[in-house]
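Reader: Please show me the model, and then I will ask about its parts one by one.

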Amino acid sequence: MNIFRTLVKILYYFGIAVALALALFPICWAIATSFKSKVDVLATPPVWIFRPILDSYRYITFARIAFPRYLLNSLIISSGATIIAITVGSLAAYALARYRFRGKENIAFWMLSTRMMPAPAVVLPLYVLMRGFRLIDTHLALILTNSIITIPFAVWVMRGFFEEIPVDIEEAALVDGCSRWGIFLRIVLPLSRPGLIVTSLFCMVFSWNEFLFALVLTSTKAKTATVAATEFRGWMETAWGPACASATIIMIPILVITLILQKYLVRGLTMGAVKG
Amino acid sequence: MLGVAVIILLILTIYPLLFSLFLSFHKWSLTKPGPWRFVGLKNYLSIIQNPVFWRIILNTFIFTFSAVTLQFAAGLGLALLFSREIKGESVLRSLLVLPMMIPPILVGLLWLFMYKKDFGIINNMLKLLRIEPITWLSKPLTAMPAVIIADTWQWTPFMFLLLLAGLRSLPQEIYESSQIDGASFWQTFRYVTLPLLKPVISIAIIIRFMDAFRVFDKIFQLTGGGPGVSTETISLYIYRNGFRYFNMGYASALSYFALIIIIAFSMIYVRVLRRVGER
């Protein structure tokens, strides 16, 4: 019996170890590749032990591809889309959480449905629109289009956070003569600070990860890091060292944010449907 | 307050919808200047008559069903492993969920590198088992499974997290009483755990289903839809017609076909959400 129990325990930890290895290997492999020399990257069989060098990073920083600039573009665009989403989204979320009006649920679900459209179907008319306004290859174009993803998200998640604040506090403030705006700015927002931070971080990640809108709506000036990372395809073979280096740089902030968001991942990824 | 959000979203979502609808009845090419020409239902008819379209719909469903099923099975298994609290759990869990936050386009890039025939790590691992190198992404037979595996790698953590959250929220007393009644592990799982998890399971599956259905980045990077059209899904097909052939009317009509399917899904989702909300 005791042997059986030990065996189960071993199997159990083995299962977790295998899952962990499967989940982390592709990420670690890309990071390792980014520190390899040109020869080692294409070596068959693959090299496991090597002297790490920074050639790939030097290449994407100083050579033809000005990766830092694309990173900056990504940062500007995701910050912009996040600021819009938080401002507009939290106001709308508050209205949905506290006011009673007709068609409220329909508006909420319509916002949800915008998230379900295939991206190419959305970007096609937006391309024509942005071209009409001469906004192609500008940060503004991408900030606006990324808000299509971030606003509905912010509305749904913030609504959940607002609904958790006891109504009594707000009613007390109302009795004391505080205006609706005053309540929102002085009571609701400070009370839901964790919610605001969580929502903004998610919006940042979604916008940072976005690819197709950036591919279609930018060419050089406003190109984002995700688009640049796919452009190492050469005539014969992709330059895998630089590609992995840029992938690594893009992934690092996301890995950090994921660790911060840990407790809220379920809630965020289901847009508040499961509180977790 | 709500008004501003509604107006911004109206401009950004209703406008594209209406404009696509308008375009779908016209013939208009981005590259050739000149006005759009009204063609009535011609775009829709030629889509239905095109066998490629039906192949693409089939691909999309094959991809969606297999990917979501695999992710659900693997996610449930993992969640059950974690169902009892273990040491260092929070660290383990946050490491396990990393794949799902990575940009899908980079997931494509990472796996493209690993699928390479000669220096790719997967073939080199298989070589140790004396399996000949496989050109994963350039054979119709292996390309679709390869794409599905990459998607499963990314999204299994999502299922895992949701199902684990569901498992943890189940009342412990039920397990105690079923243990007293002498139920086996399998019986408890089949008749207690699964039925109680149903709301979380349905939310998880529908969310993944809708997202897998609109998959773009990953396949775009891995195969670009090829070889032939063997991994091309509806999103890639819309992209190809719109931005490779600049056939805006045709692509818009395609978007509407996709939209109809998506609306059907989202109606199911809304119904599930409301039912869960009532409980």
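Reader: What average pLDDT does chain B have?
Author: This is a predicted model, in which local features need pLDDT of at least 70 and side-chain atom pairs count only at pLDDT 80 or more, while totals for chains, interfaces and linings use all residues. Residues are numbered from 1 along each chain as its sequence is written, and chains are lettered from A and ligands numbered from 1 in the order in which they are written. pLDDT is the predictor's confidence in each residue, from 0 to 100. In chain B, 96% of the residues score at least 70, and the average is 86.

Reader: Which ipTM does the predictor give the complex?
Author: The pTM of the complex is 0.89. The ipTM from the predictor is 0.89.

Reader: How many helices and strands does chain B have?
Author: Helices (H or I, at least four residues) and strands (E, at least two) are DSSP runs, numbered from the N terminus. From that end, the order in chain B is α-β-β-α-α-α-α-α-α-α-α-α-α-α. The count for chain B is two strands and twelve helices.

Reader: How many residues of helix 5 of chain B are buried?
Author: A residue is buried if 20 or more other C-beta atoms lie within 10 Å of its own, exposed if 12 or fewer, and partly exposed in between, with C-beta atoms placed from the backbone. Across chain B, buried residues make up 41% of the 279 residues. Helix 5 of chain B covers residues 104–114, and the buried ones include B:Pro104, B:Trp111 and B:Met114. Of its eleven residues, the number buried is eleven.

Reader: Which helices of chain A do the buried residues of helix 5 of chain B pack against?
Author: Two residues are in contact if their C-beta atoms, placed from the backbone, lie within 7 Å. Within chain B, the partners are helix 6 (121–128), helix 7 (140–168) and helix 10 (217–222). In chain A, they are helix 1 (2–34), helix 12 (225–229) and helix 13 (240–261).

Reader: Which helix of chain B gives the most to the side that touches chain A?
Author: The two chains meet through 67 residues of chain B and 70 residues of chain A. With twelve residues, the element of chain B that gives the most to this side is helix 1 (residues 2–24).

Reader: At what angle do helix 3 and helix 7 of chain B cross?
Author: Axes are lines fitted to C-alpha atoms, for helices over the stretch in contact, and angles run from 0 to 180 degrees between N-to-C directions. The residues that meet include B:Phe63 and B:Leu70 in helix 3 of chain B, and B:Trp155 and B:Phe160 in helix 7 of chain B. The two axes come within 6 Å and cross at roughly 45°.

Reader: Why are helix 3 and helix 7 of chain B called oblique to each other?
Author: Angles under 35 degrees count as roughly parallel, over 145 as roughly antiparallel, 65 to 115 as roughly perpendicular and the rest as oblique. The axes cross at roughly 45°. The two helices are therefore oblique.

Reader: Is B:Lys27 buried or partly exposed?
Author: B:Lys27 lies in strand 1 (residues 26–27) of chain B. Among the residues that B:Lys27 touches are B:Trp36 and B:Gly249. Because 15 other C-beta atoms lie within 10 Å, B:Lys27 is partly exposed.

Reader: Is A:Tyr264 buried or exposed?
Author: A:Tyr264 sits in the loop between helix 13 and helix 14 (265–269) of chain A. Because 20 other C-beta atoms lie within 10 Å, A:Tyr264 is buried.

Note on methods. Lists of a residue's contacts leave out its neighbours within four places in sequence.
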